[in-house]
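Please look over the sequence and the coordinates shown here before reading on.

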Amino acid sequence: MTVILLIAAPEGLRGHLTRWMVEVNAGVFVGNPSRRIRDRLWELLATRIGDGQAVMVEPAANEQGWATRTAGRDRWRPIDFDGLILSARPRIQPNENTPTPR
């Protein structure tokens, strides 16, 4: 099973995904596309996501049985930690105008 999550995606991407997958909630798509279709969908999403975010969870031959791909700005990135895939948050640079917590 493949799951794709879109956040703040440009118009048209959601409609394109519904050709291959079912939208079970706003921006959440589920389906069983072939590897070739997943790769082509991801190529399209990664090039058109713009300022939004896209996450794909797909089957993989590893200990967890799945892998993730991410695209877009301010996104969590998958990292391999001794064969275990974890997600790393982007570092937020402190703003000079933001008061520091006490």
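Helices and strands are here DSSP runs numbered from the N terminus, a helix having at least four residues and a strand at least two. The model is a predicted one, and every value quoted for it has been computed from its atoms.

The protein chain contains two helices and seven strands, and when these are read along the sequence they follow the pattern β-α-β-β-α-β-β-β-β. Taken along the principal axes, the C-alpha atoms fill a box of roughly 50 × 40 × 25 Å. Of the 102 residues of the chain, 27% count as buried, while the exposed surface comes to about 7500 Å², of which carbon and sulfur atoms supply 51%. Among contacts between residues at least 6 apart in sequence, 37% join residues at least 24 apart.

In soluble globular proteins, nonpolar side chains tend to be buried together. The largest nonpolar core of this model has 15 residues, and Ile4, Leu6, Leu17 and Leu45 are the members that touch the most other members. Strand 1 (2–7), helix 1 (13–17), helix 2 (35–48) and strand 4 (53–59) each supply at least two residues of this core, and helix 2 gives the most to it, with five residues. The contacts of Leu45 illustrate the packing: leaving aside residues up to four places away in sequence, Leu45 touches Ile4, Leu6, Leu13 and Leu17.

Is Ala71 buried or exposed? At 6% relative accessibility, Ala71 counts as buried, because the limit for that class is under 20% relative accessible area. When residues up to four places away in sequence are not counted, Ala71 touches Trp42, Ala46, Ile49, Gly52, Gln53 and Ala54. Pro10, by comparison, is 61 residues from Ala71 in sequence, and the C-alpha atoms of these two residues are 13 Å apart in space.

The chain carries 14 positive and 11 negative charges, whose mean positions are 3 Å apart, and the structure holds seven salt bridges. Which residues are linked with Arg38 in a network of salt bridges? The network joins Arg35, Arg38, Asp39, Glu58 and Arg69, and its individual pairs can be taken in turn.

The side chains of Asp39 and Arg35 meet in a salt bridge with an N to O distance of 3.4 Å. Because these two residues are four residues apart in helix 2, they are separated by about one helical turn. Both belong to the intermediate class of accessibility, Asp39 being partly exposed with a relative accessible area of 29% and Arg35 being partly exposed at 47%.

A second pair is formed by Arg38 and Glu58, whose side chains meet in a salt bridge at 2.9 Å, N to O. This pair links distant parts of the chain, with Arg38 in helix 2 and Glu58 in strand 4, 20 residues apart. Arg38 counts as buried at 8% relative accessibility, and Glu58 is likewise buried, with a relative accessible area of 5%. Glu58 also forms a salt bridge with Arg69, the closest N and O atoms being 2.6 Å apart. Here too distant parts of the chain are linked, Glu58 in strand 4 being 11 residues from Arg69 in strand 5, which spans residues 66–72. Arg69 counts as buried as well, at 18% relative accessibility.

Most residues other than glycine have a negative phi, and most peptide bonds are trans. Against that background, Ala8 has a positive phi, near 50°, in a residue other than glycine; Ala8 is found in the loop between strand 1 and helix 1 and is exposed, with a relative accessible area of 65%. Asp82, with which the account began, has a positive phi of about 55° although it is not a glycine, and Asp82 is exposed, with a relative accessible area of 77%.

Terms used. Residues are numbered from 1 along each chain as its sequence is written. This is a predicted model: local features need pLDDT of at least 70, side-chain atom pairs count only at pLDDT 80 or more; totals for chains, interfaces and linings use all residues. Side-chain values use heavy atoms; hydrogens and water are left out. A nonpolar core is a set of buried Ala, Val, Leu, Ile, Met, Phe, Trp, Tyr and Cys residues joined through side-chain atoms within 4.5 Å. Buried means under 20% relative accessible area, exposed over 50%, partly exposed in between (1.4 Å probe, protein chains only). Contact means heavy atoms within 4.5 Å. Accessible areas come from the Shrake-Rupley method with a 1.4 Å probe; for residues, only the protein chains shown count as cover. Lys and Arg count as positive and Asp and Glu as negative; His and the chain ends are not counted. The place of a charge is taken as NZ of Lys, CZ of Arg, CG of Asp or CD of Glu. A salt bridge is a side-chain nitrogen of Lys or Arg within 4 Å of a carboxyl oxygen of Asp or Glu.
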